[in-house]
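Okay, thanks for coming, everyone. Let me put the model up and then walk you through it.

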Amino acid sequence: MADPTIDPTLGPVLARTGDERAVLESFLDFHRAIVLRKVRGLSQTEASRRLVPSHTTLAGLLKHLALVERNWFPVLFTPQPRDVYLTSEEEAVASFTLEPGETVDGLAAAYEAACARSREVAARFDLDHVVPHPQLGEVSLRWVLVHLIEETARHAGHADILRELTDGETGVL
């Protein structure tokens, strides 16, 4: 019997007896949704405020994670002629840095679009599908999904802390 305090509609709960792909995708989507939830209802000023010594802000997390989604799915699995896989430390810092005119709403929409594109790309390949990677040699779709779960969950944790520091709001959802 399931614990009545666990929300049975959460993706990872729904996929608890699913196949490997359903489990991986549900956990990734769960953490993607958490990141988006953490910026909802904040002003541009609040979402852009630096509360830690690094360049990490709630809005910056959205910008960074949109780049991560593009880098790991379309650029690796369905590369276009002008696509470049970003690897430098400068590019990593820039991925958190807000440019004039970038808004939290625009960044959230760009992240949602990048996630949707990632889902479309991933759906075209088996988990065992392997692609070349400029630093690692080769990676499978399975490995990329696990890596994106790790990366997104890590930044969702950062978002939890930044949101609590911003307005005191806590909670996963």
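Let's start with Arg32, which sits in helix 2. When I say helix or strand, I mean DSSP runs, H or I of at least four residues for helices and E of at least two for strands, numbered from the N terminus. Before going on, the ground rules: this is a predicted model, where local features need pLDDT of at least 70 and side-chain atom pairs count only at pLDDT 80 or more, while totals for chains, interfaces and linings use all residues. Residues are numbered from 1 along each chain as its sequence is written, and side-chain values use heavy atoms, with hydrogens and water left out.

So, is Arg32 buried or exposed? It counts as buried, at 4% relative accessibility. The cut-offs here are under 20% relative accessible area for buried, over 50% for exposed, and partly exposed in between, with a 1.4 Å probe and protein chains only. Arg32 also belongs to a network of salt bridges that links it with Asp29, Glu69 and Arg119. A salt bridge here is a side-chain nitrogen of Lys or Arg within 4 Å of a carboxyl oxygen of Asp or Glu. As for distances, Arg32 and Leu14 are 18 residues apart in sequence, and their C-alpha atoms are 16 Å apart in space.

Staying in helix 2, we also find Leu24 there. Leu24 counts as buried, with 12% relative accessibility. Between the C-alpha atoms of Leu24 and His147 there are 10 Å, though the two are 123 residues apart along the chain.

Now the packing. Two packed helices are described by the angle between their axes and the distance between the axes. The axes are lines fitted to C-alpha atoms, for helices over the stretch in contact, and the angles run from 0 to 180 degrees between N-to-C directions. Which way does helix 8 run relative to helix 2? The axes of helix 2, residues 20-39, and helix 8, residues 141-167, come within 9 Å and cross at roughly 25 degrees. That makes helix 2 and helix 8 roughly parallel to each other. On the labels: under 35 degrees is roughly parallel, over 145 roughly antiparallel, 65 to 115 roughly perpendicular, and the rest oblique.

Helix 4 is the other partner to look at. Helix 2 and helix 4 pack at about 150 degrees, with axes 9 Å apart, and are therefore roughly antiparallel. For handedness, helix 2 passes helix 8 in a left-handed crossing, and the crossing of helix 2 and helix 4 is left-handed too. Left-handed means the near helix is turned anticlockwise from the far one by less than a right angle; clockwise would be right-handed.

**Salt bridges**

How many salt bridges does the rule give? The count comes to 13. One of them joins Arg21 to Glu25, with the closest N and O atoms 2.9 Å apart. Both of those residues lie in helix 2, 4 residues apart, or about one turn of the helix. Glu25 is partly exposed, at 29% relative accessible area.

Next, Glu112 and Arg40 meet through their side chains in a salt bridge, 3.1 Å from N to O. Glu112 is in helix 7 (residues 104-123) and Arg40 is in the loop between helix 2 and helix 3, so this pair ties together parts that are 72 residues apart in sequence. Glu112 is partly exposed at 36%, and Arg40 is partly exposed at 40%.

Then there's Arg142 with Asp128, a salt bridge at 2.6 Å, N to O. Arg142 lies in helix 8 and Asp128 in the loop between helix 7 and strand 1 (130-133), so the pair ties together parts 14 residues apart in sequence. Arg142 is partly exposed at 27%, whereas Asp128 is exposed at 55%. Ser140 is 12 residues from Asp128 in sequence, and 5.6 Å from it in space, C-alpha to C-alpha. Ser140 is in strand 2 (residues 137-140) and is buried, at 16%.

**Last stop: the loops**

Pro100 is in the loop between helix 6 (89-94) and helix 7, and it's exposed, with a relative accessible area of 79%. That's it from me, so over to you.
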